[in-house]
Each structure stands twice: as C-alpha cells, then as structure tokens.
Amino acid sequence: MPPQQPDVQQPLLHGAAGSDEAAYDPAQKIHVVGIGDEAGGESDSGAPPPFSWRKLWLFSGPGLLMSIAFLDPGNLEGDLQAGAVAGYSLLWLLMWATAMGLLVQLLAARLGVATGRHLAELCREEYPTWARLALWFMAEVALVGADIQEVIGSAIALNILSNGVLPLWSGVIITAADCFIFLFLENYGVRKLEAVFAVLIAVMALSFAWMFGEAKPSGVELLLGVLIPKLSSKTITQAVAVLGCIIMPHNLFLHSALVQSREIDRTKKGLVQEAINYNTIESSAALAVSFIINLFVTAVFAEGFYGTALADSIGLVNAGNYLQEKFGGGVIPIVYIWGIGLLAAGQSSTITGTYAGQFIMGGFLNIRLRKWVRALITRSCAIVPAMIVALAFDTSEDSLDVMNEYLNVLQSVQIPFALIPLLCLVSKEELMGSFRIGPFLQVIAWLVAALVMAINGYLLVDFFSSDVELGAIFGTVVCVVAVAYISFIIYLVLRGIDLPALRDLLRPKTVVANMEDL
C-alpha cells in the first residue's frame, strides 16, 4: 500500500519564484528547519512537533516589529486625548481594540507563513493590472500619511529633549537618517535588527511606566475602566479614534512579510502549523505589551487632566509642558521622560515604515532595486512632505492638530484596500490549502472588518461635514471620488467572495432525519 500523503503540501504558489522579488534572500533567513525535530514524527502525522522554548525564541521578532504600529506617535496622541477627555472610561475599548487588531495581524501572519509570499506579492498575482496598481497607490498613500506623523512625532520629541533648540524642520532632517541606520543594522542580520526594536520597546515601556509611577493613578478606577464598558455622547469622538487606529494598512503588508524571515519546510503541514502557532504566541505577547504601554499613557493623562479646562487642548506638541506643570519630576523631569518615550516611538515606527515601504514597492511592482535605493525612495516620499509640514506649522500647535486630523482621514480611507484583499486571500482554499480560515473565523473577521470600516467611514463623514466647507465644484469632485471609492470596494468584495462556500454556509442543515431518531 503506497504511503498516504495528507501531511505533505506542495508549495502553494508556483511559477518563476526565483526571478521574482522576494521579501528575504535565503542567506538572510533564520534557520529553523530541523531544530528540535530530531524525532521526526511530525512529518508523518501532519501534527506540529511538541512545544519548544528554543523554537519560540527563534520565531520571536516579527511580532515585535509588527507591534510598533500600535505604539507610534499617532496612537500615543490618541491615548493621551482619550485619557484627558474620557478619563479611565475607554480603557475597556482600548483592550478590545487591541484584540481586534491582533486578530487581523494574525491573519496577515498566517497568509505569509502558509504561502511563503507576502500580501503585496499575492495582490500582484490575484488582481488585474489596473486593480493592482490602484491597490499599490493606495498602500503608498497610507504609508506616506503614517510616516509623516511618525517623523513629526520624532521631531517633536527632539524639540522637547533639546529645550526647544532644535526646531521641527531640523528634527525631520535628523529623523531622515534613520533609513541609513536601518540599512546598517540589516547588514548585520535580521536578529540584530529585531534586538534594536526590542530595546526601543523597552525604552518606551520604562519611560511610560516611570510616568505612571509619578502620576500615581487610581488602581480601582483603572481596573473598572478595563472591565466595565462605558460610553457617553461626550466621549464618542475619542472612542471612534481609539477604534479607528487599530489597523494600519501598511502593517498588514509588513507582518505578512516579516514572518518569512524564518526558514521552514512548507512541504510539511506539521511544520507550517508549528510556525503559525509560534507566530501566534509571539504576536499575542507583543501586543499585550503594547496594550500595557498604551494603558500607561492613557492612565497618566486621565489622572492629570480629566475634568480640567486643559483636557480638550492637549496634543503631542504641548503634552510635555502640561505634564511638567502638573507632576513636575524627581531626579529626571517628567517632560524629558515623555520626550524619551516619544522619541523611541517615533524612531522605531519610522524605521518599520521604511521596512514596510520596501515590501510594498517590491511586492506590487516586482522590481529589483538595491536596498539603499529603495529605502531612499520610500524615505523621500515621507521626508519631503514632512519637511513641508514642519516648516509650515513649526510655531502653530493648532495647525499641527488640524494637519494630524487630515492625515488620520487619509489613512482611514485606505484601510479597505489592505483589509479586504487580506480577508479574501486568507479564505481561498486553492491558495491556502488546509490553512484557510474556517467559516466561523471568516464571519468574525468580516464583522471586525465591517466595524473598523464603518467607524472610519463615520470619521470621514464627520470630518467633511464639520471641518471642510464644500463648494459646488469641490462637492461634485468629492461625490465623484466617493462613488469611485465605494465601487472599488464593492469590486474587491465581490471578487473575493466564494459563492459556493457561502451557499453551503447559509444552507439549513438537516439535524433530525425522522421522528424515530428523537
């Protein structure tokens, strides 16, 4: 009797893979194949090998880089504003928003591990040229918007730490050098780069934990805020902001590529499932840390400014000064602690933005460029507009806040063009094989996606109805763009729907054959 082959899975995508742009060259990957697999039983049964701390350590790293998007300056500004305006009442929402973000990121990681290709590459294979180019443009726009916020956040931190000596524009120039730091670190291997991010996250954790200790927030109120859902009409804007920033479009492309830095044998189901399991553990731990850091920031500003006249006027630019006036500082003034944490957030997120930009450009366009050329291109796309923003708004806190609102809207409208392709691809049996997500998880994922898109749609409508005056011509242009935008979303959804599977899911099941079976 010939041996059965249910556990053996051929590479899921065929073709001239050697000539295509790849996320990592073979020499760059962390060698995991064969480590801890001496028994070899997993290759026969299709089940993953027993848990190994050594393997978990080897798989640790991609989740750290992914979690940076949950700690960037834009998220920190959302945290401090939620704390100042809503107190502790939105901590439960922060927790569940992080959980929803984790679900989506795990789907991105699953896609990358199971197929050996990242989201941008798969979009190139899946969609016609016009749709692929449109998705690429949307991804680049979202990345530029996020990068401007991150670069400006770093520049604000440098301004704080230099006592105002360094203006924003000079901080932008200094931050621009991080792409060269990134290239320098990458030459020493993926693990060295991941170690640097671990240090930056540790700096953020220690800085904001220090602030948490200085502020001495109420433990009872904090616990109640996490456990008891509470929402009022006065805090709806902050609630929408907390939910609206949980998914960053470029982070989905990034995470699906980062997991490929580990070399695994994709012809064996057990080893693929093992990699998915370890990435799930590591990503969950990384986002748990990011949740705690965000909680620290929210609690500090809730304790210091909730219910005060300053609550509605706090932003990244003036937060340090307000903290210093409120809490002062011990050995190190709290304004500098805030500046150090903000700088770590800004620097780490700008480097991951550079990393994501390389995967997006290489995946969608399938072009081979030297890494320094590609990094220079992706970094210039953000540095040039960031410099314009810094020169235009250097002395105006209100103008920076308005600019930040525009950038949030810019990123919000891009979310469907990363999220919908991800959900469609990870549900395709011909692509994912046995690793496609099941009907129940599909329903949960689409509900989360619908919620996120509805919330960001609310932000968009609210923005144009309250902050933008629409003339006749501009209003017509907005309507035309809105129709094209919605039409493209409908196209992506309809293209990805598996109609036979949907009919099977909705068809009533016969539970009882006849009355005698009762």
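Author: Contact is taken here to mean heavy atoms within 4.5 Å. By that criterion, and leaving aside residues up to four places away in sequence, Trp338 touches Leu80, Ile160, Phe208, Met211, Val297, Phe301, Leu316, Ala319, Gly320 and Leu323. The model is a predicted one, in which local features need pLDDT of at least 70 and side-chain atom pairs count only at pLDDT 80 or more, while totals for chains, interfaces and linings use all residues. Residues are numbered from 1 along each chain as its sequence is written, and side-chain values use heavy atoms, with hydrogens and water left out.

Trp338 and Phe301 are the residues with the most contacts inside the largest nonpolar core, which has 139 residues. Such a core is a set of buried Ala, Val, Leu, Ile, Met, Phe, Trp, Tyr and Cys residues joined through side-chain atoms within 4.5 Å, where buried means under 20% relative accessible area, exposed over 50%, and partly exposed in between (1.4 Å probe, protein chains only).

The helices come next; helices (H or I, at least four residues) and strands (E, at least two) are DSSP runs, numbered from the N terminus. Helix α16 covers residues 334–365, and its 32 residues reach 46 Å from the first C-alpha to the last, close to the 46 Å expected at 1.5 Å a residue, the expected span being 1.5 Å times one less than the number of residues. Of those 32 residues, 28 are buried, so α16 is largely enclosed by the rest of the structure. Just after α16, Asn366 takes a positive phi of about 55°. Helix α7, made up of residues 129–161, has 33 residues and reaches 47 Å between its first and last C-alpha, close to the 48 Å expected. Here 24 of the 33 residues are buried, so α7 too is largely enclosed by the rest of the structure, and just after α7 it is Asn163 that takes a positive phi, of about 60°.

Charged pairs also deserve attention, and a search of the whole structure finds 9 salt bridges, each being a side-chain nitrogen of Lys or Arg within 4 Å of a carboxyl oxygen of Asp or Glu. One of them joins Lys428 to Glu126, with the closest N and O atoms 2.9 Å apart. This pair links distant parts of the chain, since Lys428 sits in the loop between α19 (416–426) and α20 (429–432) and Glu126 in helix α6 (residues 119–126), 302 residues apart. Lys428 counts as buried at 19% relative accessibility. Another bridge is formed by Glu194 with Arg262, whose closest N and O atoms are 2.7 Å apart. Glu194 lies in helix α10 (residues 190–215) and Arg262 in strand β2 (residues 262–263), so this pair ties together parts that are 68 residues apart in sequence. Glu194 counts as buried at 6% relative accessibility, and Arg262 counts as buried at 1%. Lys428 has a salt bridge with Glu430 as well, the closest N and O atoms being 3.8 Å apart, and Glu430 is exposed, with a relative accessible area of 62%. Elsewhere, salt bridges with shared partners join Arg117, Glu121, Arg124 and Glu125 into one network.

For the rings, a search of the whole structure finds 15 aromatic pairs; rings of Phe, Tyr and Trp (its six-membered ring) pair if their centres lie within 6.5 Å, with planes under 30 degrees apart counted as stacked, over 60 as edge-to-face and the rest as tilted. Among them, Phe417 and Phe488 are stacked at 5.3 Å centre to centre, with 25° between the planes. Phe417 lies in helix α19 and Phe488 in helix α22 (residues 472–496), so the pair ties together parts that are 71 residues apart in sequence. Phe417 is buried, with a relative accessible area of 2%, and Phe488 counts as buried at 8%. The rings of Phe488 and Tyr491 have their centres 6.2 Å apart and their planes at 15°, so this pair is stacked. Because Phe488 and Tyr491 are 3 residues apart in helix α22, about one helical turn separates them, and Tyr491 is partly exposed, with a relative accessible area of 23%. Ring pairs link Trp130, Phe417, Tyr485, Phe488 and Tyr491 into a cluster.
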